[in-house]
Amino acid sequence: MPDNAQRSYKVIGTRPIRHDGVDKVTGRAKYGADVMLTGLLAGAVLRSPHAHARIRSIDTSAAEALPGVRAVATARDLPDQGSRMVELGEGSVNMRHLSANVLAHDKVLYKGHAVAAVAADNIHIAQEALKLIRVDYEPLPPVMTVTEAMRAGAPLLNDDVVTQPAGNAEALAESKPSNVAKHFLFEKGNLDEGFARAKHVVEREFHLATVHQGYIEPHNATALWHADGKVSVWMSTQGSFTARQQTAELLRIPVSDVKVTPMEIGGGFGGKISVYLPPVAAILSRKTGRPVKIVMDRAAVFEATGPTPGGVIRVKLGADESGKLVAADAWLAYEAGAYPGSPVGAGCMCIFACYDIPNARVEGFDVCVNKPRTNAYRAPGSTQAAFAVETVVDEICQRLKLDPLEFRLKNASSEGTRRVDGPVFSRVGLVETLQAIGNSEHYKSPPGGPNRGRGMASGFWFNVGLKSSVTATIGCDGKVALVEGSPDIGGTRTSIAMQFAETLGIPVEDVHPAVADTDSVGYTDVTGGSRVTFSTGIAAVEAARDLERQLVSRAAELWNVPADQVCYTNGVMTAPGHKATFKELVAELHETGEPLVGRGTSGKANQAGAFATHLVDVEVDPETGKVQILRYTAAQDVGTAIHPSYVEGQIQGGVGQGIGWALNEEYWYDDRGSMRNATFLDYRLPTCYDLPMIEPILVEVPDPSHPYGVRGVGEVPICPPPAAIAIAIAQAAGVRMTELPMAPHKVMAAILAKSRPGNGQPH
Amino acid sequence: MHEIDYESPTSLADAVAILQKNRESVRCLAGGTDLIDHLRTGRIDARQIVDVKKLPELQILEAGPEGLRLGAAVCCRSVCAHAAIQQDYTALADSGAIIGGIQIQNRASLGGNLCNSGPAADSIPSMVALSGICVIAGPDGLREVPVEKFCVAPGKNVLKPGELLVEIRFPKPAAHSGSHYRRFIPRNEMDIAVVGVAAAVTLSADGSQFVAGRISLGAVGPTPLLAEEASTKLIGKPVNDDAIAAAAAAARELAAPISDMRGTADYRKHLTEVLTRRVLSAAVTRARGGKVDHRPGW
């Protein structure tokens, strides 16, 4: 393996203009809502007003009779799934649950749960028709928190869910229906001995709110059920192949009979992997023989897509006199939402990943509650875990009077550290991110001023490899059409094209990347797990190498020299007595032989994992509890930054979302289990006035499993912010916040509680 | 959504006639920043819309020795840019500058904000503090109602079927007067006030004593509120922290907020006291001819 840091690149590390940029800034890019087909009908979805209810009956007759209504669909129009489990790329899913989430079967499990759908000549008629559908509900008590849901005798959401053991957890003797879908247990060393050796032990409990990814573009799908039984879908998705498979499985038709065309995507962050609308649009299309388009409104996006879970975390850490962590214990319960599948397993694996701790134990619970089924959100499960563990780490530092940076350096995970769940780290760069923060201008200048404080926190995310396919066709003018299957949510068309251009020795502007539909490119896994620049990048490099081999052999033929005397470097082909640039050669080959088409696939390589360390300064208004972010620096091990601007953008975006999560974002439910703030006005994403310029520090520790050392960068930057901000608040205002969001009223309540005599916070 | 009829009359008489004819199912449209949103989300229903922007009486914006005449359809941006408002009715400019972004401010009117009658409306406390009087046109001619009596419940006001708000009149503040509006929001922009406070004060010529004061509170009750007991506490008192703190404590007692997604009742009472103190200090600074350097959201 060459040392990538020593290599000099022509394209990698530069900042070209993105290939899809002009169409996006001029409004020409086609998103799902722009799909317009001959005979297109508008679809609308009726959603449950109850958080938990049994459906006694649905009467659609009045809606069907409304002029302009072409079809009405309910779960009766979906095929029976039995109780089969299907592998859908993001773990196996109980198809009955997936189907019931698309259109409720006999129960609604959250407010906003889809119950019926209408296709009509226009959206206004469709919406009027929804008002004519009569649903007879038997309301049931909603279960809104993990604490309630885990209590014996709690109302049961799903009678087909029993607790499954995972890791070292043991199966329950008696398997009866439960709201707890999964029980994880991971252990390492001897916990009791570890705590016996600890001089300082801190244990805290943390409470987390449900939060949404907040992508700007709502979910959408247009479906056409062709007369030959095939189904075309145009949609916003992070994974056209998983969307195809989910749609096919839900409709019980052969997977290759569905073609998914991924449109441009206005944000996903993990939330656009599950399908909600395509099967519904498809059955409406089957009934009408016409294409049907459904676009969610913002309330539906909040209430009926997949947020990331709230829950409860308890963390107990023990350190010896020297400041070495010797024991760690964690208990995590995450809300799955209506159906199993919270990221609590990932939370368990991430919670102690930044620390080399000899004795540890982590227990996790996936708990069904009457909220929408949770879904991936940027390093799913890790941000919550980091908030808990990093806060306790800071308290240990405070107790031991140890510098938080020194403490972290002393305990940091590095190559060879074994995680509590088993895997051993290969070359990772946590220590380097800590050093980068230590060397930063920010670290060296104190926050200064009254009511100000500083916080530091680290975070970890795995990153994944998985499968990708790329084809590349060289045109007669020497430009390359690069076809890939990864929907581009973070500038990956350009980062893939750059790796291709670097490998083939051509300018990146001569590569025209395109994201193709599922019939036009090889299988490609979802755009998720920070995998695209890594894995689709490998496929693009392979495609370039394939073309290089073809070019060499064709040049040998053309020049009539042995292939081993032909050499291709930096875009120039040479052989004794011959020399041609890429473009010259290609023009000649176009006249003399078959087309030049390269292919590349990936699937074997796995990523080494990403670490980040952040530093933040805040000011707390001691009279209102409001927190202002004054300065933010984020150091991250980014492997090799292919396009530094996009890497910086990913870091800034992740931090921005993390700041929102820390300070204001939450699903605010009333006592009937109804979300009251399902708008961007009241679901408070940070605005530009709430964020300082976020300064990224790119630490490049190349990942040895990628030809250019790429490491996924999109997810880990969201992990440290809530913890770092909580720690900064503690320094600024003297209060330890253990609940997210750290909204002004909560910070103020903590400040007032502290100032009351005898009510000092524990230290 | 069903079809809606639209008319844009150019005389008050025509406007009143259309309003009277349709009564229950009619809505006035000024900037539309509330109306269109509410129609789209189904929060309100209307069969007839009357665009009031072409009524000259509703576009009046005049300041003189008699005071200020503010037409009900004048947009926030015009309010903020008006020199006399910046000088003498500053709280109105404070409010206008934080309602929405620039695009919204070019559409939204203070009159519309008043007619929407939200408890957390950002311009109503300022209009109350500056002793605004609503001029209302109806089938029986014109009538006047003080701004603090205009709203009667969340989203409800004294307008009867067939009536519309024409303008808000403000008396010219005495010399050595100053006013300010500030709200507390969890973010620094794009938010609904958790609590909003406006105050207008008049000081003695040497700036040492409160001669008059009016404090108005938003988002702490079903309607924006004139905090009379808190206001009267100021009169005759020396301008100092104690007098301001006493008025702020009285304002806190008058606040009767609810707990909702924007804040708890306890927190709102606490904020009422904090904001009243800060707003009064700023109004005093302005009354003394000073500049208030307030960064919205902070």
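## Basis of the model

The model is predicted: local features need pLDDT of at least 70, side-chain atom pairs count only at pLDDT 80 or more, and totals for chains, interfaces and linings use all residues. Residues are numbered from 1 along each chain as its sequence is written, while chains are lettered from A and ligands numbered from 1 in the order in which they are written.

## Nonpolar cores

The largest nonpolar core has 330 residues. A nonpolar core is a set of buried Ala, Val, Leu, Ile, Met, Phe, Trp, Tyr and Cys residues joined through C-beta atoms within 7 Å. Buried means 20 or more other C-beta atoms within 10 Å of the residue's own; exposed means 12 or fewer; partly exposed lies in between; C-beta atoms are placed from the backbone. The residues with the most contacts inside this core are A:Val280, A:Phe500, A:Ile725, A:Ile729, A:Met742 and A:Val747.

Take A:Met742. Neighbours within four places in sequence are set aside here, and contact means C-beta atoms, placed from the backbone, within 7 Å. A:Met742 is then in contact with A:Val627, A:Ala662, A:Leu663, A:Ile725, A:Ala726, A:Ile729, A:Met737 and A:Val747. Another core, of five residues, lies apart from the largest one; A:Phe269, A:Ala376, A:Tyr377 and A:Val526 are among its members.

## Strands and loops of chain A

Helices (H or I, at least four residues) and strands (E, at least two) are DSSP runs, numbered from the N terminus. Strands pair if DSSP finds at least two bridges between them. Strand β2 (residues 53-59) of chain A has two bridges to β6 (residues 107-108) of chain A, running antiparallel. A:Ala53 faces A:Val108 in β6(A). Six bridges link β2(A) to β8 (residues 134-139) of chain A, again antiparallel. There, A:Ile55 stands opposite A:Tyr137.

A:Pro696 sits in strand β29 (residues 694-699) of chain A. Is A:Pro696 buried or exposed? A:Pro696 is buried, because 25 other C-beta atoms lie within 10 Å. Beyond four places in sequence, A:Pro696 touches A:Ala634, A:Gln636, A:Glu648, A:Ile651 and A:Gln652. A:Gln636 is 60 residues away along the chain, with 7.6 Å between the C-alpha atoms.

## Backbone exceptions

The peptide bond from A:Leu740 to A:Pro741 is cis, with omega near -5°. A:Pro741 belongs to the loop between α19 (721-733) and α20 of chain A.

A:Leu466 is not a glycine, yet has a positive phi of about 60°. A:Leu466 lies in the loop between β19 (452-461) and β20 (468-474) of chain A. A:Leu466 is buried, because 20 other C-beta atoms lie within 10 Å. B:His176, likewise not a glycine, has a positive phi of about 60°. The loop that holds B:His176 runs between β10 (164-170) and β11 of chain B. B:His176 is partly exposed, with 19 other C-beta atoms within 10 Å.

## Domains of chain B

Chain B is divided into domain 1 (5-51), domain 2 (60-170) and domain 3 (177-285). These bounds come from an automatic or database domain assignment. The C-alpha centres of domains 2 and 3 of chain B lie 19 Å apart.

In chain B, 22 residues of domain 2 are in contact with 23 residues of domain 3. On the domain 2 side, α5 (90-98), α8 (124-129) and β8 (151-153) of chain B are the elements that give two or more residues. By class, that side has 15 nonpolar, four polar and three charged residues. Ala, Val, Leu, Ile, Met, Phe, Trp, Tyr, Cys and Pro count as nonpolar, Asp, Glu, Lys and Arg as charged, and the others, Gly among them, as polar.

## Sheet of chain B

Four strands form an open antiparallel sheet in the order β11-β12-β13-β14 (chain B). The edge strands, β11 (177-184) and β14 (225-226) of chain B, each pair on one side only. Eight bridges join β12 (residues 195-203) to β13 (residues 210-218) of chain B. B:Ala198 has B:Ser216 in β13(B) as bridge partner.

Helix α11 (residues 241-254) of chain B packs on the sheet, touching β13 and β14 of chain B, at about 35° to β13(B). Axes are lines fitted to C-alpha atoms, for helices over the stretch in contact, and angles run from 0 to 180 degrees between N-to-C directions. Helix α12 (residues 265-287) of chain B lies across β11, β12 and β13 of chain B, at about 35° to β12(B).

Notes. Two residues are in contact if their C-beta atoms, placed from the backbone, lie within 7 Å.
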